[in-house]
Amino acid sequence: MTQDETLKKDGFKVVHPNAAGIDIASQMHYVAVPPDRDENPVRKFGSFTADLHEIAHWLKQCGIDTIAMESTGIYWVQLYLILEEYGFEVFLVNARHIKNVAGRKSDVLDCQWILQLHTYGLLNASFQPESITRELRTYMRQRKNLTEGYSIQIQLMQKAFEQMNIKLHNAIADITGKSGQLIIQAILSGERNAERLAELADKHIKASKEDLIKSLEGNWRNEHVFELRQAYELYHIFKQKINECDIQIEQVLDTLGNQNSHSDSEKQSRKVYSKNRFNFDATNYLKKIIGVDITKIFGVSELIATEIISETGLDMSKWATKKHFASWLNLAPNNRISGGKLLKTKKIKKKNKAGQAFLMAAFALQRSDNWLGEFYRRVKAKNGPAIATKATARKLSLIFYDMVKDKKEFNPIPINIYNLHFKERKMKYIINQALKYGMNIVPA
């Protein structure tokens with residue numbers, strides 16, 4: 001019995017007749033093609049670059065035009081890129097989706113099962129951005145790793161001070177500022193006199209000179225000074241590497257700006273939320289690329305905006321609606337509903353990096369004086385901070401989707417109008433509840 005007859009017998013429609021399936025591993029890749037394409041339709045290949053090109057050549061010989069593979073670790077990346085270069089349509093598939101499809105026989109290899117599902121059109125491709133966005137994403141993820149690294153070195157400097165009973169961080173809020181750096185440099189140069197060290201602090205420091213002197217009196221032990229020196233030097237190495245990342249990021253943003261230039265874009269004033277900012281003005285690059293200023297969205301800094309763009313790209317049409325976009329970000333509730341009833345809400349374990357950026361932006365709004373801050377506080381009072389952060393992040397993602405897709409400027413609701421609408425909705429709900437019990441609401 002031929003494969004086509006089998007498919008007709010099973011009642012499935014062949015969606016991808018020229019399909020292949022690949023089982024990805026660290027050292028070996030198993031590739032399956034339809035049985036009528038080669039005497040040996042399942043082959044094993046190595047993972048070296050020459051092997052990956054050999055896979056592509058064999059698939060070309062077999063007349064394949066679309067390929068499905070599992071997203072196993074990072075082992076799929078190079079094969080995915082090489083197959084794209086050869087002109088194949090590559091479906092990167094979530095392994096969980098393959099497991100959820102029942103009916104697999106025990107004597108069928110993984111690659112054959114992937115081929116069969118892909119032939120029927122039962123697999124959906126995971127989102128993958130275009131090449132230039134992937135490059136930006138790599139730089140942004142590396143920058144984030146470096147930022148976490150230099151934050152650890154700051155903590156280690158504070159730990160070394162605490163072990164010597166030096167309370168500098170109590171007198172100076174930021175030991176990486178101008179005053180803190182001058183004092184640390186003097187300590188590493190051998191200065192131990194608290195009064196001389198206190199004179200290095202800026203005159204605008206809020207702490208009094210007496211408190212500063214007291215905070216710099218401690219037990220100077222060689223091993224802890226050594227720890228301080230190591231952390232201080234590593235801190236500056238991390239900062240240097242972050243600056244190198246910023247150069248690469250600016251070059252990519254400049255390239256994207258030239259590809260997606262909007263001539264009517266005007267220069268925007270740069271908003272800076274933290275010390276962990278770019279060493280260049282990214283706001284106007286983003287405005288030139290997108291056509292609207294997404295940093296005007298409450299809580300979205302130019303750093304967060306660039307991180308989101310590096311994960312999502314600029315083509316919002318890859319998601320059917322903004323609700324699909326929020327679901328892809330893992331910002332929509334994962335409700336199990338049957339018969340019109342909510343059975344349970346299952347938490348999705350996998351984290352979406354763009355979704356995490358929206359969550360960070362939402363968390364920053366908890367004390368802000370705008371309608372999104374008011375929404376956050378209202379949900380927090382009812383359901384707690386975790387749900388409030390996620391709900392606010394979802395609203396931010398919907399605003400972002402509309403701005404990028406339709407080139408809409410950010411038009412925030414005045415907080416007094418938002419509160420008025422909320423009171424009206426709440427009053428309407430109370431009246432409806434009273435009517436259910438045969439009662440009327442009488443205005444005071």
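Mentor: A salt bridge is a side-chain nitrogen of Lys or Arg within 4 Å of a carboxyl oxygen of Asp or Glu. Side chains of opposite charge can pair when their charged atoms come close. The model is predicted, so local features need a pLDDT of at least 70 and side-chain atom pairs count only at pLDDT 80 or more, whereas totals for chains, interfaces and linings use all residues. Residues are numbered from 1 along each chain as its sequence is written, and side-chain values use heavy atoms, leaving out hydrogens and water.

The salt-bridge rule gives a count of 14. One of these joins the side chains of Lys322 and Asp402, with 3.1 Å from N to O. Lys322 belongs to helix 14 (residues 322-328) and Asp402 to helix 17, so the pair ties together parts that are 80 residues apart in sequence. Helices here are DSSP runs of H or I, at least four residues in length, numbered from the N terminus. With 18% relative accessibility, Asp402 counts as buried, a word that means under 20% relative accessible area, while exposed means over 50% and partly exposed lies in between (1.4 Å probe, protein chains only). Lys322, at 33%, is partly exposed.

The buried residues of helix 16 are Trp371, Leu372, Gly373, Phe375, Tyr376 and Val379. Helix 16 itself runs over residues 371-383, 13 residues in all, and spans 18 Å from first C-alpha to last, close to the expected 18 Å. That expected span is 1.5 Å times one less than the number of residues.

After helix 16 comes Gly384, with a positive phi near 100°.

Lys407 lies in the loop between helix 17 and helix 18. Lys407 is not a glycine, yet its phi is positive, about 55°. Its relative accessible area of 39% makes Lys407 partly exposed.

Helix 18 covers residues 415-436 and contains Ile431. Ile431 is partly exposed at 34% relative accessibility, and together with Met427, Tyr429, Ile430, Leu435 and Ile441 it forms a nonpolar surface patch of about 540 Å² of accessible area. A patch is made of residues with over 30% relative accessible area and no salt bridge, with nonpolar side chains (Val, Leu, Ile, Met, Phe, Trp, Tyr) joined within 5 Å and like charges within 9 Å. Accessible areas come from the Shrake-Rupley method with a 1.4 Å probe, and for residues only the protein chains shown count as cover.

Key: Helices (H or I, at least four residues) and strands (E, at least two) are DSSP runs, numbered from the N terminus.
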